[in-house]
Amino acid sequence: MEDAALNDTVNRTWRIARPIAGIPGRDDFALAPMPMPVPEDGQVLMRTIYISIAPGVRPMMPYASAAPDVAQGARREEIDDSNPNPSLIRVGDKMRSGIVPSDSPFAGGTVGQVIESRHPNYKPGDYIFGGRYWQDYEAVDGDASLKIDPAELPIEADLSLIGRSSFTGWVGWKFYCDGKPGETIVISAAAGNIGMLVVQLAKQAGLKVIGIASGADKCRFVTGELGADACIDRAQEDIGEALDRLAPEGVDIYFDNVGGKTRTAVYEKLRMFGRLIVCGMAAEYNGMESGVLTTGAILAKRLRIQGFVVLDNDGDYGDFRADMARMWREGKLVWRQHIFEGLESAPDALAACLSGRNTGGKILVRVSEDTSKTA
Ligand SMILES: NC(=O)c1ccc[n+]([C@@H]2O[C@H](COP(=O)([O-])OP(=O)(O)OC[C@H]3O[C@@H](n4cnc5c(N)ncnc54)[C@H](OP(=O)(O)O)[C@@H]3O)[C@@H](O)[C@H]2O)c1
């Protein structure tokens with residue numbers, strides 16, 4: 001698919017350069033030229049416009065030392081090399097934006113424009129959601145992609161507003177939190193893609209909402225724009241002390257996006273019949289932090305600990321999309337994106353995502369001109 005070179009200079013791809021210690025940096029990747037892909041029957045050649053940057057890709061990348069507990073994918077390879085996990089990204093592999101390497105049309109992680117089509121549903125000029133890699137051009141399977149209508153929403157919305165991360169927030173809130181008016185919910189990474197949606201859904205449902213984010217600007221976004229009742233700046237405040245002040249009655253629900261020490265601190269404040277909803281462990285993906293929970297409180301406080309994976313809810317995507325479109329039309333949805341410019345900036349964007357050095361909202365890389373906005 002990629003060996004019939006039309007032009008070796010215009011297409012570039014990021015590859016993993018070495019096993020990575022901690023937060024990935026620029027030297028952990030190598031930007032290399034590659035031949036222009038040639039689409040086969042059923043495929044289209046797309047020009048990448050936006051890449052989604054999400055923390056969940058880190059556990060699939062190689063670790064310089066033993067993989068942390070949260071990196072189940074990496075651990076599986078260590079256990080059985082004859083049956084490697086197809087999700088893993090090894091040294092030398094192309095860096096992926098789509099985390100799930102499946103035939104699902106939701107597995108993509110980039111949005112682009114069709115240059116050449118060998119699939120009946122797409123023609124040159126169409127916009128498409130379906131690329132998987134950090135590169136300029138990609139041949140993608142038309143059946144495992146989605147056509148985008150730029151008149152409906154901005155084309156990058158398939159990675160942000162109605163993308164898989166937002167879908168995760170919606171699923172977690174709707175099916176697992178069991179939030180009731182008057183209850184108190186704490187949401188970590190509250191200014192991030194999933195967090196900013198859950199904050200708004202919980203607030204609309206009448207809960208008292210306390211976000212956690214790093215930095216005064218992101219905290220102002222969480223309270224001032226998303227509508228949370230309070231936001232704890234994890235870079236400045238002790239989370240336990242802040243919760244004693246903000247939720248002296250205790251916490252009913254913790255929507256956990258980060259794991260680590262933050263989870264331990266909020267877990268200790270859960271009240272009777274509290275729920276710990278485990279959505280993600282961004283703080284643990286770099287292998288630099290872990291969180292230990294005591295189990296006695298589970299019985300004494302009748303707690304529920306619930307993990308969930310959005311893949312189990314693919315059938316609910318249509319309802320999610322309709323719900324988001326309704327809220328968007330009614331002006332009930334606040335949204336933010338942090339866009340890094342140029343394919344060269346992709347490693348910096350990932351580092352920002354994994355460390356919290358971002359301005360909040362969905363993190364994207366703009367690889368080439370968004371012609372849907374200039375046409
Ligand atoms: N369950 C599922 O099916 C599913 C699906 C998709 C994603 N996820 C997970 O959901 C979580 C949120 O995803 P997202 O895309 O919305 O990411 P995100 O919030 O945009 O980015 C991750 C955020 O985590 C916070 N963070 C990073 N290191 C931290 C640390 N050491 N301690 C505390 N917080 C830290 C940072 O926010 P602040 O610096 O502002 O605190 C950072 O911006 C991730 O863990 C992701 O892997 C789960």
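**Helix α2 and what surrounds it**

I started with the packing of α2: its buried residues sit against α3, β11 (251-256), β12 (270-278), α8 (317-329) and β15 (362-366). I then counted how much of α2 is covered, and eleven of its 14 residues come out buried. The buried set is R164, S165, S166, F167, T168, G169, W170, V171, G172, W173 and C177. I also checked the length of α2: from first C-alpha to last it reaches 18 Å, close to the 20 Å expected at 1.5 Å a residue. Just past the end of α2, I noted that D178 has a positive phi of about 50°.

**Confidence**

This is a predicted model, so I looked up pLDDT before going further. The chain average is 91, and 92% of the residues score at least 70. Residues 1-8 are another matter, with pLDDT under 50 throughout. For that stretch I find 16 contacts beyond four places in sequence.

**Ligand shell**

Which residues are closest to the ligand? I get G192, S214, G280, A283 and G356, out of 33 residues that surround the ligand. I sorted the shell by class and got 15 nonpolar, 15 polar and three charged residues. Back to the helices: α2 (164-177), α3 (193-204), α6 (260-267) and α9 (346-355) each supply at least two shell residues. The most comes from α3, with three residues.

**Domains**

At the contact between them, I count 21 residues of domain 1 and 21 residues of domain 2. The domain 1 side of that contact has ten nonpolar, seven polar and four charged residues. Where does the ligand lie relative to the two domains? Both domain 1 and domain 2 give residues to its shell, so the ligand lies between them.

**A check on S117**

Last stop was S117, which lies in strand β4 (residues 110-117). Buried, exposed or in between for S117? I call S117 partly exposed, because 19 other C-beta atoms lie within 10 Å and buried would take 20 or more. Leaving out residues up to four places away in sequence, S117 touches V44, Y122, K123 and P124. I also took the distance from S117 to G172, 55 residues apart along the chain, and their C-alpha atoms are separated by 37 Å. G172 takes me back to α2, where it is one of the buried residues.

Conventions:
Residues numbered from 1 in each chain as written. Predicted model: local features only at pLDDT ≥ 70, side-chain atom pairs only at ≥ 80, totals over all residues. Contact = placed C-beta atoms within 7 Å. Nonpolar A, V, L, I, M, F, W, Y, C, P; charged D, E, K, R; others polar. pLDDT = per-residue confidence, 0-100. Helix = DSSP H or I, 4+ residues; strand = E, 2+ residues; numbered from the N terminus. Buried ≥ 20, exposed ≤ 12 C-beta atoms within 10 Å, placed from the backbone. Near = placed C-beta within 6 Å. Domains from an automatic or database assignment. Expected span 1.5 Å × (residues − 1).
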